Amino acid sequence: MSYIASRLSVVKPSASMAASQAAKALRARGVDVIDLGLGEPDFPTPLHIIDAAHFAAKAGQTLYTAAAGTAEVREAVAGKFRRENGLDYTADDIVVANGAKQIIFNALMATLETGDEAILPAPYFVSYPEMVKLLGGTPVVVECPETTEFRLTSALLEKAITPRTKWLFLNMPGNPSGAVYSQSDLEALGAVLAKHPQVLVLSDEIYEHILFDGREFVSFGKACPELKDRTLIVNGVSKSYAMTGWRVGYAAGPAPLVKAMSTIQSQSCTSVCSIAQAATVAALNGPQDEVARFRHAFEARRDLVVDGIRKINGLTLSPPEGAFYAYIGCAGLIGRKTPKGVTLEDDAAVANYLLNEGRVASVPGVAYGLSPYFRISTATGEEVLTEAISRINAAVAQVE
Ligand SMILES: Cc1ncc(COP(=O)(O)O)c(C=O)c1O
């Protein structure tokens, strides 16, 4: 008999981590694989942020902090929301956690009763449904196809809401699609939500700064201020400042929710690493030119990938509006045969074929709730991306 709790039986490990593991296993056998599975910036953390951490450690900032985060980091986050998003929050409305992932986990743990529903527009970030299930909730997946540009519309939202709906998840720019919502898109969703006061909104804005073609970011909080008392704005330093390993995420929301999230944190991890919090203050309050430099690099890579993939017969790609992924349509390959005579039944088979024959690791669309697609991360250098596209091209050309 297993001693693992039954709640784990419904939870899958992260699909993007699994893709990366598969690539590593092949590499260990001497196969030269390009890993485009995991999404993390390949840039080093800007030096002034590392210096601030060094200084904090030497100055003795090495003790537990308040569960919600130091006063300095919560002030810095409040300042960021004011400056960049036009949102008015005080330090008391803010909580800092070990990554945006822990923020989301804490928010769900603080609110979900068994059977409560969370609406997840698909394609979604792989961890959302797994966290919802782990905490006793029911994910309600709403497919948002390319015809709606991977965006949730008010009609789709209206249809998905039930009396059990506790949360609506939004993610913009979206992982994996890159889709961005305009002010009017968000206002339309807000008008539906106004009729359903039981629904909380989790707006995951972690890719906010990775936005292309001169677009301006609009936070859900800015577009729908009337929903402030049931909106949690989630963000973090991982993607904007190339700080994935520092593990700092943050959120602003209604005081009772933020307080409950801090309580969970105080009894689980006590606080976020004090040194990483000091680094976050430097990231948010310091010079922002590296953020712009990263964005330009990601945009050039997006262009390179769109250009390359669109030349491949059988694949499709609408230019992502933000984030650092390409969600590549592979309907043109489904039902066709590989040189070994294997039929490509679905996007998992396509990703598997690309890994084993093309030597490129990607993540199949099934992991994001919308098929048939596969996701590649574009958070890697242009030379590597060029080589990956050429491998994908060669592998696809052999499909009959
Ligand atoms: C949409 C989305 N939210 C949250 C996260 C996790 O961010 P963090 O590193 O802050 O936990 C990711 C990471 O891939 C993501 O894509």
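# A tour of rings, ligand and loop

Start by selecting Lys228 and Tyr89: the charged end of Lys228 sits over the Tyr89 ring, 4.6 Å from the ring centre. A charge sits over a ring here if NZ of Lys or CZ of Arg is within 6 Å of the ring centre and within 35 degrees of the ring normal. The model is predicted, so local features need pLDDT of at least 70 and side-chain atom pairs count only at pLDDT 80 or more, while totals for chains, interfaces and linings use all residues. Residues are numbered from 1 along each chain as its sequence is written, and side-chain values use heavy atoms, with hydrogens and water left out.

Next, select Arg293 and Phe43. Arg293 lies over the face of Phe43, 5.7 Å from the ring centre.

Rings of Phe, Tyr and Trp (its six-membered ring) pair if their centres lie within 6.5 Å; planes under 30 degrees apart count as stacked, over 60 as edge-to-face and the rest as tilted. How many aromatic pairs does the structure hold? There are 14 aromatic pairs.

Zoom in on Tyr207 and Phe324. Their pair is edge-to-face, with 5.3 Å centre to centre and 85° between the planes. Tyr207 is in the loop between β6 (200-204) and α8 (220-223), and Phe324 is in the loop between α11 (289-310) and β9 (325-329), so the pair links distant parts of the chain, 117 residues apart. Helices (H or I, at least four residues) and strands (E, at least two) are DSSP runs, numbered from the N terminus.

Because Tyr207 lies in the loop between β6 and α8 and Tyr325 in strand β9, the pair ties together parts that are 118 residues apart in sequence.

Is Tyr207 buried or exposed? Tyr207 is buried, with a relative accessible area of 3%. Tyr325 counts as buried at 3% relative accessibility, and Phe324 is buried. Buried means under 20% relative accessible area, exposed over 50%, and partly exposed in between (1.4 Å probe, protein chains only).

**The ligand**

Select the ligand and the residues around it. There are 13 such residues, and Ala100, Asp204, Tyr207, Ser238 and Lys239 come nearest; a residue is near if one of its heavy atoms lies within 4 Å.

Look for oxygen atoms of the ligand. One is 2.7 Å from an N or O atom in the Ser238 side chain. An oxygen atom of the ligand is also 2.7 Å from an N or O atom in the side chain of Lys239. A polar side-chain atom of Asn175 lies 2.8 Å from a ligand oxygen atom. Taken alone the ligand exposes 400 Å², and the protein buries 93% of that (Shrake-Rupley method, 1.4 Å probe).

**A loop residue and a helix residue**

Select Thr45, in the loop between β1 (34-35) and α2 (47-58). Thr45 is buried, with a relative accessible area of 12%. Its side chain reaches the backbone oxygen of Ala242 at 2.7 Å.

Finish at Ala394, in helix α13 (residues 382-397). Ala394 counts as partly exposed at 42% relative accessibility.

Technical notes. Polar contact = N/O pair within 3.5 Å; in protein donor to acceptor, adjacent residues only side chain to side chain.
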